[in-house]
Structures are given as structure tokens and as C-alpha cells.
Amino acid sequence: MNNESKPRLARLTAILTQLQSQQILTAREIAEKHQVSIRTVYRDIRTLEQSGVPIVAEEGKGYSLVQGYSLPPVMFTQAEANALITVEQLIAKQDHSLTSHYQSAITKIKSVLQQSQKEKTELLAQRIHIRDNDYLNQKSQYLVILQTAITQFNLIELHYCSMQNEVSQRVIEPFAVYSTQGNWLLIAFCRLRNAFRSFRLDHIQKLKVLPECFDPHNMTLPEYFEQCRQKYLTTPDIPLSPPAHTFAISDNKTLEKPMEKMKVEPFKVIGITVRTSNKNGQGLQDIGALWQRFIAEQLLNKIPNKLDNEVYSIYTEYEGDYTQPYTTLLGCKVSTLDHIPEGMTGKVFAGGQYQRFVAQGNLNQGVVGQEWNKIWGMDLPRAYTADFEIYGEKAQNPDSAEVDILIAID
């Protein structure tokens with residue numbers, strides 16, 4: 001049975017719930033969510049309107065409910081109730097303010113559960129345990145305040161202790177927050193540095209929300225992560241100074257000019273990883289976040305037994321071609337994998353035959369991505385074992401950079 005023939009009442013109820021949960025929805029978003037045609041969405045919206053649901057259609061924008069309209073609480077399935085309980089356990093290891101507010105919210109949600117669901121969720125809560133490496137992270141206490149400041153565009157006065165134990169006072173424009181390795185980080189425009197910076201919430205010593213507001217930044221979070229990936233070599237707060245290019249080829253010579261084909265010798269890498277895919281721009285967001293973490297946690301300085309300071313972005317463990325899921329590893333070549341820091345991954349790559357490409361130009365204008373688009377359109381005998389980018393000395397000037405891209409071939 002396809003979704004067009006799915007019981008219509010269930011779909012109408014789901015669409016109504018969707019409308020209540022978001023400020024505005026397009027017909028395409030509804031169609032994709034329920035895997036139906038746009039025409040079916042139009043019919044469903046008319047049915048809801050005829051049933052007395054006050055839906056507002058905004059030309060060129062989408063659908064929304066009349067402000068103030070609400071329905072009685074929805075019923076939860078057991079799987080949905082289990083998911084809520086699991087999240088409760090997960091965030092208990094995170095920010096103090098988030099934990100407090102979530103527990104308050106979950107208490108209200110539990111009040112609408114059926115008695116049998118309450119019994120099962122209470123049992124599940126006793127059977128879930130989240131283990132952390134407490135020595136790697138500390139709880140923060142400002143997440144909820146910052147979330148509000150982000151949505152209201154309030155300036156923040158910050159007393160911050162950096163990873164190098166340097167204390168500073170700054171006024172910042174909060175932009176976004178994200179979590180990595182058990183720590184919450186704030187992305188904000190720092191008026192002291194006149195640039196975007198990342199701040200670990202557990203390193204904030206004091207925080208004050210100022211009455212002044214700032215103009216919203218015309219940028220999405222994925223766009224910010226992509227800018228970080230392109231600009232990471234020039235971030236003032238985290239200086240990186242890679243030496244000359246030392247990527248090993250079969251004759252042990254340094255690459256000085258583009259080559260059509262080359263043999264890569266086996267090598268070892270330590271770094272951080274993410275599992276992602278190129279579908280719907282997910283790779284752009286996930287890999288951008290990986291670069292942001294690499295910068296914020298200064299991982300370049302924490303990788304042991306490095307052979308040099310060149311940064312490798314390696315794409316491996318493909319499930320098929322480039323349209324299928326794969327793993328990205330961001331790190332450096334090392335002499336040994338004997339000591340892999342907690343939270344990092346060590347891998348050995350077998351090397352082999354490679355086709356070399358060079359992305360040349362302004363990194364801020366996306367030359368690396370443009371080169372990948374060309375590669376994806378080529379008829380190459382790709383092996384899909386491990387492809388990678390190398391950010392070395394020639395990548396330090398973002399206005400006129402060179403980034404090597406090596407593609408494994410059969």
C-alpha cells in the first residue's frame with residue numbers, strides 16, 4: 001500500500017500535528033513528509049479547512065494555523081514515549097539548565113500518557129544508562145539562556161576562560177549552539193575579535209544578557225560550517241602553521257606540480273570521524289561541523305606522533321558510489337597508532353593508484369566544492385577505497401590557495 005492510499009484520517013491528523021509544531025509549512029514540505037503528491041496535499045488542506053480548522057495560506061510562503069488556535073494534547077505511541085525517556089537520560093549528562101527545563105517539560109508530557117505507557121516508560125527509565133568519560137567534559141549551565149538570546153538577537157557580555165587558560169571579557173552576538181563529545185559550544189560573532197568564534201559553554205565564567213539587540217546574521221548554520229572548513233588555516237585564535245607538502249609518493253619526492261597519476265604508499269592517520277552522505281546537503285553540514293570541532297578543540301595540537309601539520313580530509317568506507325553513505329576522517333598523518341586519544345580514531349590506509357587534482361583559487365568562493373563537482377561528473381575508474389583532500393602550506397592563503405584532491409582509481 002502506497003502512502004497515497006494510506007488511511008486519510010491518520011494523514012490528516014499528522015498534517016494537523018505538523019502545522020501545530022511549526023510556524024509555517026509549504027505544500028512541498030508536507031508532501032515530502034508524508035510521501036504524497038502536491039495535489040493530495042491541496043485536497044487535505046481543503047478538508048481540514050472544511051472541518052473548521054483555521055488554516056491561513058500565505059502566497060509564496062505556505063500554510064500556518066491562526067495564532068492562538070490549539071488542539072487537545074496528542075496521544076503518544078509507545079515508541080514515541082520510549083524515545084522521550086531515552087532523550088531524558090541523554091541530556092542528564094549535559095547542560096544543567098537544559099536538564100532542569102527538559103525534566104519540567106517531560107513531566108507535563110508524562111501526564112497525558114496512558115497508564116500502561118507510564119508503567120513501561122518507568123521500567124525503561126530504570127533500564128537505560130548512559131556512560132560518559134567525565135574527565136573529558138564538564139556540565140555547563142548557560143544553554144537555555146543562550147538559546148533565548150539567539151532567538152531574540154540579544155547581545156551577550158561574556159567572561160571566558162580559553163583552552164589556554166587565558167581569561168577575557170567580550171561582547172558577542174550569539175548565532176548558534178551545537179554539541180560534540182559531551183560538550184556544548186556556542187558560535188558567536190565576537191566584537192572583540194571582529195570575527196566569528198566558538199566558545200565552550202563549560203568555560204564561560206560569567207554571562208550577562210544585555211538589553212541591546214543586534215541585526216540577525218544573513219547566514220545558515222551549514223553555510224557557517226562550510227566557511228569554517230574553507231577558512232580554518234587562517235583562524236587567528238587557533239594558529240596553524242603547516243610545513244611544506246610532505247605527502248609520500250612511491251619515489252619519496254615532494255609534490256611540486258600537478259600530476260596526472262601517482263602511486264600513494266601506505267600511511268597511518270589519527271583524527272575524528274563522522275558518518276554522512278551527500279544526500280540533501282547532509283555531507284556539507286556534517287563535515288562542516290567536523291571541521292568546526294577540529295578547530296574549537298584544537299585537535300591539530302592534540303594528535304600524537306604527527307609526521308607534519310598537514311590536515312587530511314579523508315573519505316572512506318563507501319557503501320557504494322559517491323551518492324551513498326561514507327565516512328569522513330579529519331586528522332593528520334602519524335608514525336604510529338600506539339597512542340590514540342579518547343574520542344579520536346586511528347586508521348591505516350593501504351595506498352594504491354591515485355588520480356591527482358588541484359583545487360586552485362579563492363577558498364571562500366568554494367573552489368574545493370567546485371572541483372569535486374567536476375570530479376563527480378567525470379568518467380573515472382574510481383575504486384572508492386579512500387579519497388582525500390590535503391590542506392598544506394599552499395592552502396594557507398585563502399584568496400589564492402591550492403588544495404590537493406586525490407582520487408583512488410582501479
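The legends below describe several close-up views of a predicted model, beginning with the whole chain and moving on to its sheet, its helices and a few single residues.

This is a predicted model, in which local features need pLDDT of at least 70 and side-chain atom pairs count only at pLDDT 80 or more, while totals for chains, interfaces and linings use all residues. Residues are numbered from 1 along each chain as its sequence is written, and side-chain values use heavy atoms, with hydrogens and water left out.

**View 1. The protein as a whole.** The protein contains ten helices and 15 strands, where helices (H or I, at least four residues) and strands (E, at least two) are DSSP runs numbered from the N terminus. Of its 410 residues, 43% count as buried; buried stands for under 20% relative accessible area, exposed for over 50%, and partly exposed for what lies in between, with a 1.4 Å probe and protein chains only. Among the contacts in the protein with a separation of 6 or more, 68% come from residues 24 or more positions apart, a contact being heavy atoms within 4.5 Å.

**View 2. The open sheet of eight strands.** The strands follow the order β8-β13-β15-β14-β10-β11-β9-β12, and their pairing is antiparallel; two strands pair if DSSP finds at least two bridges between them. At the edges stand β8 (261-264) and β12 (345-349), each with a single partner strand, so one side of each is left without a neighbour in the sheet. On average, neighbouring strands of this sheet are turned by 35° against each other, direction ignored.

**View 3. Strand β11 and its two partners.** Strand β11 covers residues 326-334, and nine of its nine residues are buried. Strand β9 (residues 267-276) pairs with β11 in the antiparallel sense over nine bridges; here Ile272 stands opposite Leu330, and Ile270 has Cys332 as its bridge partner. Strand β10 (residues 311-316) also runs antiparallel to β11, joined to it by five bridges, and in this pair Tyr312 has Gly331 as its bridge partner. In a regular strand the side chains alternate between the two faces of the sheet.

**View 4. Two helices lying across the sheet strands.** Helix α9 (residues 282-296) lies across β9, β10, β11 and β14 (386-391), and runs at about 130° to β9. Helix α10 (residues 367-376) lies across β10, β13 (352-361), β14 and β15 (401-408), and runs at about 135° to β13. Axes are lines fitted to C-alpha atoms, for helices over the stretch in contact, and angles run from 0 to 180 degrees between N-to-C directions.

**View 5. Helix α1 against helix α2.** The axes of helix α1 (residues 8-21) and helix α2 (residues 27-34) come within 11 Å and cross at roughly 130°. The two helices are therefore oblique to each other, given that angles under 35 degrees count as roughly parallel, over 145 as roughly antiparallel, 65 to 115 as roughly perpendicular and the rest as oblique. Arg11, Ala14, Ile15 and Gln18 of α1 make the contact with Glu29, Ile30, Lys33 and His34 of α2. These contact residues divide into three nonpolar, two polar and three charged, with Ala, Val, Leu, Ile, Met, Phe, Trp, Tyr, Cys and Pro counted as nonpolar, Asp, Glu, Lys and Arg as charged, and the others, Gly among them, as polar.

**View 6. Helix α1 against helix α3.** The axes of α1 and helix α3 (residues 38-50) come within 10 Å and cross at roughly 80°, which makes α1 roughly perpendicular to α3. On the α1 side the contact is made by Arg8, Arg11, Leu12 and Ile15, and on the α3 side by Thr40, Arg43, Asp44, Ile45, Thr47 and Leu48. By class, this contact has four nonpolar, two polar and four charged residues.

**View 7. The surroundings of Phe214.** Phe214 is placed in the loop between β7 (204-213) and α8 (221-231), and at 7% relative accessibility it counts as buried. Leaving aside residues up to four places away in sequence, Phe214 touches Phe153, Asn154, Leu155, Glu173, Pro174 and Arg191. Phe214 and Glu173 are 41 residues apart along the chain, and their C-alpha atoms are separated by 6.9 Å.

**View 8. Two asparagines with positive phi.** Most residues other than glycine have a negative phi. Asn194, in the loop between β5 (183-190) and β6 (195-200), has a positive phi near 55° and counts as exposed at 58% relative accessibility. Asn305, in the loop between α9 and β10, has a positive phi near 60° and counts as partly exposed at 31% relative accessibility.
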